[in-house]
Amino acid sequence: MITLHNIDFGYTKKQHLFKELSLEMQKGHIYGLLGKNGSGKTSLLKIMAGLRFPQQGSTEVLGYRAAFRSPEMLGNMYFLSEEIFTPTLKIKQLAQVYASFYPHFKQEEYHHYLEEFDVKDKNLYIHKLSHGQKKKVMISFALACNTDILIMDEPTNGLDIPSKSIFRKVMASAANEDRLFVISTHQVRDLHSLIDTVIILDNGEIVVNATDQCITEKLYFQAVEDKVDEKEVLYMEENLRGNLIVTENKQQIDSHLDLELFFNAVMANKKRIKEIFNA
Amino acid sequence: MLNFIIMDTSLSLTRIKHLLNRYFIENWKKDLYVGLVLLVIAFVSNPIAGFSSFVYIVMILLYTGRIFGNLAHKASAQHYLMIPASTNEKLITNIFLSHIYYVLLLSVFLVLGILLRALILAPLCDDTSSCTFLIPYISFASYLSFLLFQSILVFGSVYFKKNAFIKTLLSLSAFFFFLTMLVIFIIRMNVGSMTRLAEEFDYYVRNPYPSYLIPSIISIVFTCFFWILSYFRLRETEV
């Protein structure tokens, strides 16, 4: 569905953010694009959406060249950026005005998602709402568009704690085997139990691109109270109940993926983890 | 691998209708207020003095110069560029809005203001007897010149991200300044061979019925040229 092939991209000609970066994304997955601030997450999403053009390489989305921004591609892809623009419309008008651009838009789903997010008064002007409320409206609209591809840049920023939980719930309910979701965030806890494939971006390079199953096959996450052999440990975090550690899963023991621990492990021990995943 | 931008030929009247519908629902109040301001100006000012017509022209040019104003801000630009319509359709919609819709909308308010003045203030003023002062402005050649100016402003509004109207006017002024300098320079360098040119110019000025054919063709060609430039600039806009 999304193919990036050997792309070079930079905001200046001398400094490349991405160099020969390739990535393929398939339908039926919820991809979590993780990375530190400034790692290039937003730029990568914009390249996928056709809002930024790589200097070299090609970006294909649904069989269309992304930079062309063809109406067929845009009608089947929704990009919810971090800085949301809200038109001077009432909540109910948003669907009336923009639904016509999206062939699979479902009015009843839009209202259903708004109800889920506890947005009741649909006669309010969107631009007068709080940031969190605006986000809820735009997430509801994005999901109701029923596009094959949904790209979200930091969607949970500005959402309160109950809304983050509702977000995970509605996203899980909207996902199916024909759709592809890409969600970028630097708050990895927000995507816990939602994403099935993790892409970690660091310094313009994809360090890890693996499913949660693959991660737990290769790495072992555990909480230990006793001291451990530090040679075996890829990453360790102290907490009140002992230590949380990540080790190589040589014995193929099942463990539960701790996304934040995994992300920190990758940041701390990038070279070794790359070797494990490329083996 | 294609590394150059090819012209996108997709054109759907339904999508243009959706784009227009979107514009009208989002902006009808703003346009109405601007129209009412013009109506008040037309009502209170003497139409023969031409102030209301001047305001009318300025309003159209300001609107045209900011027709792609939503590209100035990151969030609104992203929103606009991600609307599922082709670059062709977005450009045609905005050309229609700036060149036809807004011109007609403001004309209605201008004429209404003048008529209201004529009806209400007729016993008090002697300037309200007719609207014939509008006639000299409306000629095909002058409209084409206006169209050319509008197409330059449309291009400026896509080209410059911030303060597009002012920057376009400054660029135009700079262009004509350098053009004038160049002409003066050429004339000074070729004083001897300028006699025939001066005679032709003199004939052109004295001719009571000058031909507008060539200027009209030039206006049409350059108008199309700036529309095409706007298309490519919009197509290549990144956010």
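The buried residues of H5(B) are Leu148(B), Phe149(B), Gln150(B), Ser151(B), Ile152(B), Leu153(B), Val154(B), Phe155(B), Gly156(B), Ser157(B) and Val158(B). A residue counts as buried if 20 or more other C-beta atoms lie within 10 Å of its own, as exposed if 12 or fewer do, and as partly exposed in between, with C-beta atoms placed from the backbone. Helices (H or I, at least four residues) and strands (E, at least two) are DSSP runs, numbered from the N terminus. The model is predicted: local features need pLDDT of at least 70, side-chain atom pairs count only at pLDDT 80 or more, and totals for chains, interfaces and linings use all residues. Residues are numbered from 1 along each chain as its sequence is written, while chains are lettered from A and ligands numbered from 1 in the order in which they are written.

The cover over the buried residues of H5(B) includes H2, H4, H6 and H8 of chain B. H5(B) covers residues 140-159. Its 20 residues should span 28 Å at 1.5 Å a residue, and its end C-alpha atoms are 28 Å apart, so the two values agree. The expected span is 1.5 Å times one less than the number of residues in the helix.

Helix H6 of chain B, residues 164-189, was treated in the same way. Its 26 residues should span 38 Å, and the end C-alpha atoms lie 37 Å apart, which agrees. Of these 26 residues, 2 are buried, so H6(B) lies largely in the open.

Chain B as a whole has 8 helices and 0 strands. From the N terminus on, its elements run α-α-α-α-α-α-α-α. Chain B has 239 residues, and 29% of them are buried. Two residues are in contact if their C-beta atoms, placed from the backbone, lie within 7 Å. Among the contacts in chain B with a separation of 6 or more, 82% join residues 24 or more positions apart.

Two packed helices are described by the angle between their axes and the distance between the axes. Axes are lines fitted to C-alpha atoms, for helices over the stretch in contact, and angles run from 0 to 180 degrees between N-to-C directions. Angles under 35 degrees count as roughly parallel, over 145 as roughly antiparallel, 65 to 115 as roughly perpendicular and the rest as oblique. A crossing is left-handed if the near helix is turned anticlockwise from the far one by less than a right angle, and right-handed if clockwise.

H1(B) packs on H2(B) (residues 51-65) at an angle of about 160 degrees, with the axes 9 Å apart. H1(B) is therefore roughly antiparallel to H2(B). Their crossing is right-handed. H1(B) contributes Val34(B), Leu38(B), Ile41(B) and Ala42(B) to the contact, and H2(B) contributes Ser52(B), Val55(B), Tyr56(B) and Met59(B). By class, this contact holds 7 nonpolar, 1 polar and no charged residues. Ala, Val, Leu, Ile, Met, Phe, Trp, Tyr, Cys and Pro count as nonpolar, Asp, Glu, Lys and Arg as charged, and the others, Gly among them, as polar.

The second pair is H4(B) (residues 87-121) and H8(B) (residues 213-235), which pack at about 130 degrees with axes 10 Å apart. H4(B) is therefore oblique to H8(B). H4(B) passes H8(B) in a right-handed crossing. Thr87(B), Lys90(B), Leu91(B) and Ile95(B) of H4(B) meet Trp227(B), Ser230(B), Tyr231(B), Leu234(B) and Arg235(B) of H8(B). This contact divides into 5 nonpolar, 2 polar and 2 charged residues.

Chain B also touches chain A. Here 22 residues of chain B are in contact with 24 residues of chain A. On the chain B side, helix H1 (13-44) and helix H3 (74-81) are the elements that give two or more residues. The residues of that side divide into 9 nonpolar, 7 polar and 6 charged.

Asp148(A) lies between helix H5 (131-144) and strand E7 (149-153) of chain A. With 17 other C-beta atoms within 10 Å, Asp148(A) is partly exposed. Asp148(A) and Met77(A) are 71 residues apart in sequence, yet 6.1 Å apart in space, C-alpha to C-alpha. Beyond its neighbours within four places in sequence, the contacts of Asp148(A) include Met1(A), Lys27(A), Leu62(A) and Arg179(A).

Glu154(A) sits in the loop between E7 and helix H6 (161-174) of chain A. Its phi is near 45 degrees, a positive value in a residue other than glycine. Glu154(A) is buried, with 20 other C-beta atoms within 10 Å. Gln252(A) is not a glycine but has a positive phi of about 55 degrees. Gln252(A) is placed in the loop between strand E13 (242-248) and helix H8 (259-268) of chain A. Gln252(A) counts as exposed, with 9 C-beta neighbours inside 10 Å.
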